[in-house]
Amino acid sequence: MSAIESVLQEHRVFPPPAAAAAGATISGMDAYRALAAEAESDYEGFWGRLAKETLSWKKPFTKVLDESKAPFYTWFEDGLLNASYNSIDRHVEAGHGQRVAIVFESDDGTVANVTYQDLLERVSRFANALKTRGVKKGDRVVIYMPMSVEGIVAMQACARIGATHSVVFGGFSSKS
């Protein structure tokens, strides 16, 4: 029996523009292969190093990986961080408040650019509104909103105060 040759294979290479390559975190395939080799040879050390270098920890972790209850592994179990802080605040603190954090295109084609500073202000206001309504760390919040910047703000506000959020997709209305 002969093998079937697929015509659905792509062999062309499209390199990124020079400006994009110059600003990339990983400078090329050699750097990528070096990172992959490091991760393969010492995954615990690799992820521990990246977690320390790229995230802001409220309470730094002392152990990267606990494999004692396999297959229920825990990573950075004794560390404490805030996802909202790591997504927004640290960029503002680094002087990038005027950089665009979100490019949102609505259904009607309107495009909104939201800076990190603006996003931080909106998220902080919403988090304070939730706290005023009695929402606190460990509470659960259901978000039933259209896909919008405000939906992102609501999710970030929940993360900021430690409330678990669940998004209920609102796109199946009768109008949709």
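Colleague: Is F76 buried or exposed?
Modeller: This is a predicted model. F76 has a relative accessible area of 17%. The cut-off for burial is under 20%. So F76 is buried.

Colleague: Which class of accessibility does W75 fall in?
Modeller: W75 lies in strand β2, residues 74-75. Its relative accessible area is 38%. Buried needs under 20% and exposed needs over 50%. W75 therefore counts as partly exposed.

Colleague: Which residues make the nonpolar surface patch of about 450 Å²?
Modeller: W75 is partly exposed, at 38%. W47 is partly exposed too, at 42%. A patch residue needs over 30% relative accessible area. Both belong to the patch, which is made by Y43, W47, Y73 and W75.

Colleague: How many aromatic pairs does a search of the whole structure find?
Modeller: The search covers the whole structure. The number of aromatic pairs found is 5.

Colleague: What is the geometry of the F46 and W47 pair?
Modeller: The ring centres are 4.9 Å apart. The planes meet at 80°. Over 60 degrees counts as edge-to-face. So the F46 and W47 pair is edge-to-face.

Colleague: What about W75 and F76: what is the geometry of that aromatic pair?
Modeller: Centre to centre, W75 and F76 are 6.0 Å apart. The angle between their planes is 45°. Stacked needs under 30 degrees and edge-to-face over 60. The W75 and F76 pair is tilted.

Note on methods: Residues numbered from 1 in each chain as written. Predicted model: local features only at pLDDT ≥ 70, side-chain atom pairs only at ≥ 80, totals over all residues. Heavy atoms only, no water. Patch = residues over 30% accessible without salt bridge, like charges linked within 9 Å, V, L, I, M, F, W, Y side chains within 5 Å. Areas by Shrake-Rupley, 256 points an atom, 1.4 Å probe, with all protein chains shown as cover. Salt bridge = Lys/Arg side-chain N within 4 Å of Asp/Glu carboxyl O. Helix = DSSP H or I, 4+ residues; strand = E, 2+ residues; numbered from the N terminus. Buried < 20%, exposed > 50% of the residue type's maximum accessible area, 1.4 Å probe, protein only. Phe/Tyr/Trp six-rings, centres within 6.5 Å; stacked < 30°, edge-to-face > 60°.
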